[in-house]
Amino acid sequence: MKLSRRKMLYGAAGAVSGTALGSLLVLKRRTPQHVVLVVMDAFRADRLGLRRGGQSITPNLDRIAGGGRLFVNAMSACSSTKPSVASIMTGACPAYHGVMDPERTLPRNAFTLPEMLKAGGFRCHCIQTNVWLAAERAVIVIPHIGFNQGFDTYEDLSAPPAKNGISAYADAAEVVARADEVLSTASERVFLYVHFMETHQPWMGAGPREETGLYADEKIAPNTRYGEDAQLVARAGETGAEVSEAEHRRLVQIYDEAVRYLDRQIGRLAQVIDRRLGLDRTLVVITSDHGEELGERGWYGHGRTLYSEVTRVPLVMSGPGSAPGVEQRCVSNAWLYETLRRMLSPGGRKMPTAALADERPSRVIAQHRCFPPRQRKQWGKLVRDGFSLVTVKDENGRLVMSESYNLNDDPSEVSPLQASEQDIEALARVTRDYASLARKHGLSAEYTTSFWQMHMNDGREKTQDAPKVDSRLQDQLRALGYLH
Ligand SMILES: [Zn+2]
């Protein structure tokens, strides 16, 4: 495919894998008037429709998925928030957009999803709750500028007042209330991005335990119990922590209660969307930035590996433009960018082309770079033709691990097969290609701050004149599982 330089420059969409979900959707003719994209942080794909006590723990998500297109084999581009959301926002894989470390943020010359939609006449709003996506927190020296690129309004609820002694993220109920306000003045075409954190460690949300009845049979006061649970979640999140069988069961219960609570709020959000925009005119897309470990390989959390428990994500598209049904093929949620471009251009003004589409829907990749205090390893993952390849390189770029899995027989990726040289080379080639493409286009992630140098206990990197970090942020990052 021959492309002009301008298209190449803006062609982030193709750089992830070069495709869209469109060919899998059997698109209806109707073009959605509005789009709402919901990202549920650290939401495991296997929680969608999971039954406990004979009932689904996600009845509201089930209802939305049942009326729309459900992608049961969707993957995120990374197991950490920043790289993954950067991929959703640009359609590009991490090697292309370069947002691989906490210090990096979206390149200014990236053509983001809201920028693209804005060009099509949408007014773009964001309500987000994750500290890594804060538009600006100058007061604590983390100017994560970049993720607000293209949004008309960017509401950052990532620094809420402490509740139950913990300040981790705003409650989903508050996010829904804000969405209601934002949509009350909705314009002709609206794009709303909503980011929920309930399923991120410490798997809380103010009050869900009490509301969902987790403590119903317990004599201990909810607040006391709450603190104990938070401590358990924090301890389980540490690499190498010992977790007993009883504690594991409790951890799963806490996570599932967070799922149940978030599902209820998603149900309320659907009502808000219907009242303010009309569900019949709104395409609702629901996904996650990554999954969550619940004891797999002895770990709890995310951002360590690229195995299926952290790369499989829910993906639902419901509303005009999507055809109901279940899609089995493996797709990346980073393909949403190109999919939305294709779906939304017919009705609106002509949008700038995000090209490079090469129509290889069977090839899905993910990349992850561990950051201190975890070992500096670079993970890569390639999925195609029912097989996955997972590789690890050390900090010198040396391949130290390569495993292959037959996803049909072993979707949890627990029985590694010998990885083929051909697949290893294919993944290395894809990464090289996208990195050189990014260089060619002058696309490089912005360096925002030496965040980890400031306050990680890493003598090698800590600098004498590093600015002091707000202790409240340190508490928050500890609650979220990033500091121990
Ligand atoms: Zn996340």
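Let's start with an open sheet of three strands, ordered β13-β5-β16 and mixed in its pairing. The edges are β13 (312-313) and β16 (331-332), each of which pairs on one side only. Keep in mind that this is a predicted model. Strand β5 (residues 74-75) runs parallel to β16, and two bridges link the pair. If you want a spot to look at, take Ala-74, whose bridge partner in β16 is Val-331. As a reminder, strands of a sheet pair through backbone hydrogen bonds, either parallel or antiparallel.

Now over to strand β1 (residues 34-40). Seven of its seven residues are buried, so the rest of the structure largely encloses this strand. In a regular strand the side chains alternate between the two faces of the sheet. Here, His-34, Val-36, Val-38 and Met-40 point one way from β1, while Val-35, Leu-37 and Val-39 point the other way, and all are buried.

What does β1 pair with? One partner is β10, which runs parallel to β1 and is joined to it by six bridges. Another is strand β9 (residues 190-196), again in the parallel sense and over six bridges.

Leu-61, Ile-64 and Ala-65 are buried in α3. Looking down the helix axis, the buried residues of α3 fall within an arc of 100°, so they line one face of the helix.

Methods
Residues numbered from 1 in each chain as written. Predicted model: local features only at pLDDT ≥ 70, side-chain atom pairs only at ≥ 80, totals over all residues. Buried ≥ 20, exposed ≤ 12 C-beta atoms within 10 Å, placed from the backbone. Helix = DSSP H or I, 4+ residues; strand = E, 2+ residues; numbered from the N terminus. Arc of directions from axis to C-beta. Pairing = 2+ DSSP bridges.
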